[in-house]
Amino acid sequence: MASWGMSTTGTLHRPPRRPGLILGLLALSQVGVAWLWWRWGWSVGVPAMLTTHLAVVWATLHPRATLLCPALARLPTDERVVWLTIDDGPSDDTAAMLDLLDRHGAKATFFVVGERGQARPALVQAIRDRGHGIGNHSATHPDTRFWRLGPGAMEDQVGRNQSILTAITGETPRWFRSVVGMTNPFVGLSLKRHGLARVAWSARGFDGVDCEPDKVLARITGDIHPGAIVLLHEGAAHGHNLTILAQLLAWLDAQGYRTVVPEPEGLRVPAVATA
C-alpha cells in the first residue's frame, strides 16, 4: 500500500496585492511622458512614449512577465518533480487523459474553460473526484482578444468562471491561467477580487497547434528541470494531445520524475511508495 508524504516550501499562492497601484503608476507614467514632451519636445517625448508603451505590450504578451501581475512560473524545489497543467478542457480527450494519468500514478491541474465545463459538468466532477486540481481559464477562452479586454469584460471572464466551477464542484478555484498566456493591466484587479494566483509555465511544446508529437515532446522535455511547470492542452483540432501526454508520462517515469499538486499553502509532494 502506498504512503504519501508532505513537503512544504512556503506559500506558493500569491494573488496580486496592489493591482490598483500598478494602474496608477501606468497612468502616472503617461503624465510623465506628456511633461517630457512639453518640456523637451518630440525628440524626448516620442522615445519616452514608445518605451513606456512597449514595456506594457511586452508585459501583456510575454507569458512569464510579472510587471503587471505576479505569476508562478516554476516550483521552488530541487526535487525531480514537475507540475503538469492541462488547458482548454473539458473536451473529448478528458476521460482518456484521466485514465492515462491514473495508469502512471500521476496528478495534474486542469485549467478549465467555464462554458465548456457547463456543457460537460460530469467531466469536471470526474477531474475533481480523481484527485486532480481545477483552475480557472476564463469563461469563454477569447483567445484573439483576451489581451485587450477592459476591466468589465475581464471581470466577466474571470468572475463568471469562478461561479461556474464553484457551482459544479463545490470548491472555489485558487489558480488562474491567462488565455494564451496574455495578461493585461486589468487581470490583476479580478484576480485580487477572487483570491486567484496566476500560473505561467517553464516548459511547453506548442501542443495546442503543433501536430507532430515527437517534435512537441522534444520541446517539452528540453525544458524540464526540477520544479518545472509543464503546459499541455486537450481537445486540439490536430487530435494528438492524448499521444503527447502518453509519451510525456512515459518519459517522466523513465527519467525518475514525479508529479506534484501545488496547494495554496505550499507544495505537496508524494513520497516514494512503500509496501
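Begin by selecting Ser190, which is located in helix 7; helices here are DSSP runs of H or I with at least four residues, strands are runs of E with at least two, and both are numbered from the N terminus. The model on the screen is predicted, so local features need pLDDT of at least 70 and side-chain atom pairs count only at pLDDT 80 or more, while totals for chains, interfaces and linings use all residues. Residues are numbered from 1 along each chain as its sequence is written, and side-chain values use heavy atoms, with hydrogens and water left out.

**First stop: Ser190**

Is Ser190 buried or exposed? Its relative accessibility is 1%, so Ser190 counts as buried; the term means under 20% relative accessible area, while exposed means over 50% and partly exposed lies in between (1.4 Å probe, protein chains only). Now display the side chain of Glu155: a polar contact of 2.8 Å joins it to the side chain of Ser190. A polar contact is a pair of N or O atoms within 3.5 Å; within protein, one must be able to donate a hydrogen and the other to accept it, and residues adjacent in sequence count only if both atoms are side-chain atoms. Leaving aside residues up to four places away in sequence, Ser190 touches Met154, Glu155 and Val158, where contact means heavy atoms within 4.5 Å.

**Second stop: the nonpolar cores**

Select Leu84, Leu101, Ile224, Val230, Leu232 and Leu248 next. These residues have the most contacts inside the largest nonpolar core, which has 31 residues. Such a core is a set of buried Ala, Val, Leu, Ile, Met, Phe, Trp, Tyr and Cys residues joined through side-chain atoms within 4.5 Å. Among the elements that give it two or more residues are strand 1 (81-89), helix 3 (94-103), helix 6 (151-169) and helix 9 (241-255). Helix 9 provides the largest share, five residues.

Centre the view on Ile224. Which residues does Ile224 touch, not counting residues up to four places away in sequence? They are Val82, Ala203, Val230, Leu248, Trp251, Leu252 and Tyr257. Another core, of 13 residues, lies apart from this one and includes Leu12, Phe111, Trp175 and Ile229.

Side chains of opposite charge can pair when their charged atoms come close. A search of the whole structure finds 10 salt bridges, each a side-chain nitrogen of Lys or Arg within 4 Å of a carboxyl oxygen of Asp or Glu.

Select Arg177 and Asp87, whose side chains meet in a salt bridge (2.8 Å, N to O). Arg177 lies in the loop between strand 4 (175-176) and helix 7 (187-194) and Asp87 in strand 1, so the pair ties together parts that are 90 residues apart in sequence. Both Arg177 and Asp87 are buried.

Move on to Arg120 and Asp92, another salt bridge, with the closest N and O atoms 2.8 Å apart. Arg120 is partly exposed at 31% relative accessibility, whereas Asp92 is exposed, with a relative accessible area of 67%. Finally, select Asp99, Asp102 and Arg130, which are linked in a network of salt bridges.

**Last stop: a surface patch**

Select Leu21, Leu25, Leu28 and Val31. Together they form a nonpolar patch on the surface with about 390 Å² of accessible area, a value from the Shrake-Rupley method with a 1.4 Å probe, for which only the protein chains shown count as cover for residues. Patches are made of residues with over 30% relative accessible area and no salt bridge: like charges are joined within 9 Å, and nonpolar side chains (Val, Leu, Ile, Met, Phe, Trp, Tyr) within 5 Å. Val31 lies in helix 1 (residues 19-40) and is exposed, with a relative accessible area of 53%.
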